[in-house]
Amino acid sequence: MSHEAWNELKPGTIIEDPGSASNHFTGHYRKGLKPEFNELNCIHCFFCWVFCPENAIMTEAEKISGINYDYCKGCGICANECPVENKPKPLIMIKEVI
Amino acid sequence: MRANKVLDGNTAVSEAVRQLDPDVVMAYPSAPGAPMLERLAMDIANGSLDTELVNMESPQSAISGCIGASAAGGRVFSSASSQELAQMHEMLFIASSLRLPIVIGIADRALSAPINYYADHSDAMAERDCGWIQLFCESPQEAYDNIIQAYKISEHQDVKTPVMVAMDGWITSHTMENVSIEEPSEITDFMGKRIPTYSLLNSTKPLTIGSFSSPNYYFEHKLNQFQGMENSRKIIREVGKEFGDRFGRYYGYFETYKLDDAEYGIIIMSSAAGTAKEAIDRLRSRGEKVGLLKLRVFRPFPFQEIQERLLGLKAIAIFDRNIVPGSQGGPLYNEIRSAMYFCEDNLRPKIFPYIFGLGGRELNLSDIDNTIKEIKEKTEKVESENGFHFVNVRYRQVNNE
């Protein structure tokens with residue numbers, strides 16, 4: 001999207017369009033690690049979805065479906081909160097080549 | 001009917017605010033500006049004013065309340081002096097960058113330490129970079145007129161910038177003088193109602209103000225704010241003229257006194273201009289060609305107009321009523337000297353920095369006589385302009401041999 005010039009902005013830092021924070025892609029905050037989702041092992045408890053500070057856990061038909069890397073900052077909270085035990089975790093942090 | 005009353009500066013301010021019928025007054029009364037708020041509280045208590053007055057627990061809360069109420073579309077007022085203004089500091093930036101019309105009345109008082117109760121400009125000058133329009137008043141009449149104009153300037157669609165109206169604590173705020181109070185209907189007619197472009201209380205059109213701004217936007221927002229201040233240059237003049245056309249008292253960026261044929265000039269703000277005018281009258285009667293420029297608008301600083309007005313004088317003494325340790329001169333000196341930089345060398349007056357009146361120290365007629373004598377001598381001897389001059393202060397040479 002194109003960004004407004006200073007003379008196109010409304011005076012007083014007004015934002016009339018609710019939810020415009022979604023125009024700001026925070027994915028570039030990731031520095032080296034990203035979560036990887038494997039649906040096979042997921043128990044769909046939604047812990048990761050609740051804890052994700054960026055709302056970057058995607059859902060489909062009331063099931064976790066993946067991660068939105070446009071917004072994922074790579075903080076690792078989802079992988080940390082994932083309660084799956086005795087089998088490979090559905091959410092692990094892997095190295096990301098930037 | 002215009003009423004002539006004998007009022008002090010604080011009462012003159014509260015009279016003006018009362019006539020403008022504000023929606024909200026945020027109160028954290030502080031000396032010497034406390035009576036502004038006390039009188040408004042009295043008016044509300046006796047039913048002559050229908051305004052929400054909120055007693056806040058700190059100056060920072062008072063100005064925060066003003067920001068909220070102004071964003072909701074209201075006309076707001078508050079008052080602060082000295083430490084209380086300093087406590088408002090961070091919120092002053094927010095008020096100006098959110099482009100909110102707010103007016104606060106200031107009775108200038110020295111900043112601690114040492115604790116002092118009397119007039120100087122340390123408090124208002126410390127806030128000169130926070131994006132507020134600053135008007136300085138010499139007398140209670142000017143305080144009344146400036147408050148009315150302040151609302152008109154502040155609420156103008158092109159400006160939308162908060163205004164602080166400053167007068168000298170005690171000297172102006174508590175001294176009784178004749179004040180012409182205009183007919184309330186005339187004032188209402190002059191002002192009109194505030195027409196806010198948005199309101200935070202409008203639930204059908206929700207909006208966000210003052211949210212996070214990334215490096216991608218912050219700079220643009222700041223320039224947008226900067227433009228509001230630049231627009232105010234024109235509006236301040238227009239409002240001053242419109243006020244004069246209607247009420248007979250004209251206002252510009254500054255007032256000059258016997259400056260037209262003067263060789264030596266004094267530049268001063270607020271109440272000390274009264275003393276300076278008297279001193280100039282006496283010097284003129286002795287044949288000295290001396291004049292005065294009394295600055296009313298410090299922000300936005302009228303550098304072009306000042307430059308044009310001071311061209312051709314031999315020397316000027318700039319009187320600052322606050323001290324900035326480590327600087328080359330007071331804020332007024334620095335602004336004016338920088339305004340004069342682009343003059344032709346042979347037209348530029350010599351410029352001398354004077355600091356006076358800190359913590360309520362008096363400025364005597366003889367001090368101005370001595371200043372004029374001093375700058376005359378220095379100009380004739382082509383001495384350096386550098387170095388502070390302190391007016392009416394004790395210093396003793398100590399012999400350490």
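Guide: In chain B, B:A113 sits in the loop that runs between β5 (103–108) and α5 (122–126), where helices (H or I, at least four residues) and strands (E, at least two) are DSSP runs, numbered from the N terminus. The peptide bond that joins B:S112 to B:A113 is cis, with omega at about -5°. This is a predicted model, in which local features need pLDDT of at least 70, side-chain atom pairs count only at pLDDT 80 or more, and totals for chains, interfaces and linings use all residues. Residues are numbered from 1 along each chain as its sequence is written, chains are lettered from A and ligands numbered from 1 in the order in which they are written, and side-chain values use heavy atoms, with hydrogens and water left out.

Chain B has another cis peptide bond, between B:A31 and B:P32, and its omega is about 0°. B:P32 also belongs to a loop, the one between β2 (24–27) and α2 (34–45) of chain B.

B:S82 is not a glycine, yet its phi is positive, near 50°. This serine lies in helix α4 of chain B, and with a relative accessible area of 0% B:S82 is buried, a word that stands for under 20%, while exposed stands for over 50% and partly exposed for the range in between (1.4 Å probe, protein chains only).

B:N392, too, has a positive phi without being a glycine, in this case near 60°. The residue is found in the segment that comes after β16 (389–390) of chain B, and B:N392 counts as partly exposed, at 27% relative accessibility.

A:E60 has A:K63, in β4(A), as its bridge partner. Two residues stand between the strands of this hairpin, and A:A61 in it takes a positive phi near 50°.

Definitions and conventions
Two strands pair if DSSP finds at least two bridges between them.
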